[in-house]
Structures are given as C-alpha cells and as structure tokens.
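Work through these exercises with the structure open beside you. Try each task before you read its solution.

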Amino acid sequence: MVFLVHGLSLCSIKSIDGRVIQLSKLCIVKIMSSNLTVSTLILTLSEFRGIMKRMKTQSLPTDHRAYHHGNLSLALLDAAEDELNEFGIEGFSLRGVAKRAGVSHAAPAHHFGDANGLLTALAARGFEKFIQRQRDFRLRAPTDARAQLAASGVGYVVFALEKPALFRLMFSSDRPNFDDPDLQRIAESAFEELVEHVRGVTEDQGSPKKDGAMMLDVAAAWAVAHGLADLLVAGRLHTLGSLAPRTRERRIAAIIARAIP
C-alpha cells in the first residue's frame, strides 16, 4: 500500500522505516492499494499519525513482511548453502543466512533453533542430493551390478566436486547432529544404497554389521570412492582433476572398478 501525501502548511514526521515524510497540518492523503485502486482522504496530522502508529503495532513480524515467495524453511536452507559456500563452516552465521534470505535475524533461529540446527538440516538435505546424484549416474550406466556400483562411486565423487563445502559438512564436520532423526534416517539410507550395490556384486546377503567379509567389501568400495572425492576436492590429484569432466568420470569409474571384489 502506498501513501501519497499533499498539503500546504508543511511539517514532518518519520515513517515506519525511519524516513522523513513531509506533511501539512491538514493533509490530502491518496492511498494506492496493491490492485492500483486509489482512495483520497482528508486528514489532520494527528489522525494521519494515528493511522501510521496502528499500522506499525499491527504489522506482521519482519520475516513475514520481507518474505513473500513460498516455503520459508526451504528459502533459509538455500540461503544457508550459499552462506556455507562463501564462508565455509567456520564463517557460517545465522545473521548472514537471514540477510541472504531477506528475513529478520530471528527467523533462522525460530525455524532451526541455532546455527548447528540449521547445519544439521542442511546436511540432511545434502544427503538427499548426494543419493540423487549417484542415482543419476546409475541411470546412465549399464545395468550389470559391477557397472552400477562403479557408477554410484562416480556420482559420489562428482557430488563432492560440485558441492565441496556441503560435502565437507556432511562427512568432515562435527557441527551437524547425527542423532537428529531426519539426518540419521537419510544418512543411513545413503549407506544402505551402498550396501545393496556391493551385495549385487558379491551376492553376499549377509549384514555388514554382522558379516565381517561383507563389511570389508563395503568398506573397500566406500574408502575408494571417498578417498578419491577427498583428494580431488583438496586438489591433490591434479592429473585426474584437471581432465575434462567426461574423461575424468571414465577414469574415476576405472579406478573404482579395480577395487570391486
């Protein structure tokens, strides 16, 4: 809603956002609503001040005034990922997230409790993307079990290269709370997908928690994929990391295939 104020004997007051508005003691106020309908009122200065005061006391919290486009929690997670990408875990702050999302400083804490709560939710969403990236590569690979496991490994490494800050949050930080039910559930889902694809190769139907041989096979596949991801993100495998993406992906698949039992 827009106020257009005209008058003769001018004085001034401050608007809600602190700007000075010039007013006359007898004001002609044109009110333009969101649908561009214009109404005209003649008010005294005290009446106009009363309207402004009521608008201020009845207004919504800042985060609802500033935010108008969809799910606020998702917007905060998007802003949190941008903040993490720019400043890393060490420089991550709720204030920075709020500023990026265009909401009040209290909004992130209201939705997620504290910075670690927001990082926990962000890690959970990271695992969802991590699982999806591996599925993307399996869809493009041959359907035999060995090719599917290798493709999962390529997706693992590519995810790390695409989202290094998120990858480190998920696997190298103590800030996320892995006792959180949502994070625990999705992290376990990621592990179970690895187990299922190792089973497809070894045809071992045992549980890696009970079957020592199965655990070794799972650990070998995981260690190779994670080791490649960590080394490439750190820039330690320049000969591999400097290759064109498709060539690099083929090389990663070949390395992983060597570790498949």
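**Exercise 1.** Find the helix that holds Val-158, then decide whether Val-158 is buried or exposed in this predicted model.

*Solution.* 
Step 1. Locate the residue. Val-158 lies in helix α7.
Step 2. Apply the cut-off. Buried means under 20% relative accessible area. Val-158 has 8% relative accessibility, so it counts as buried.
Step 3. List the contacts, skipping neighbours within four places in sequence. Val-158 touches Arg-133, Phe-137 and Glu-249.
Step 4. Look along the chain. Pro-245 is 87 residues apart from Val-158, yet their C-alpha atoms are separated by 9.1 Å.

**Exercise 2.** Take Ser-152: is this residue buried or exposed, and which residues is it in contact with?

*Solution.* 
Step 1. Ser-152 sits in helix α7, which covers residues 145-162.
Step 2. Set aside neighbours within four places in sequence. The contacts of Ser-152 are then Gln-134, Arg-138 and His-197.

**Exercise 3.** Which residues of helix α4 are buried, and which helices do they pack against?

*Solution.* 
Step 1. Mark the helix. α4 runs over residues 94-101.
Step 2. Pick out its buried residues. They are Leu-94, Gly-96, Val-97, Ala-98 and Ala-101.
Step 3. Recall the helix geometry. An α-helix has 3.6 residues a turn, so residues three or four places apart point the same way.
Step 4. Find the partners. The buried residues of α4 pack against α3 (72-87), α5 (107-112) and α6 (115-140).
Step 5. Check what follows the helix. After α4 comes Gly-102, with a positive phi near 75°.

Note on methods:
Residues are numbered from 1 along each chain as its sequence is written. This is a predicted model: local features need pLDDT of at least 70, side-chain atom pairs count only at pLDDT 80 or more; totals for chains, interfaces and linings use all residues. Side-chain values use heavy atoms; hydrogens and water are left out. Helices (H or I, at least four residues) and strands (E, at least two) are DSSP runs, numbered from the N terminus. Contact means heavy atoms within 4.5 Å. Buried means under 20% relative accessible area, exposed over 50%, partly exposed in between (1.4 Å probe, protein chains only).
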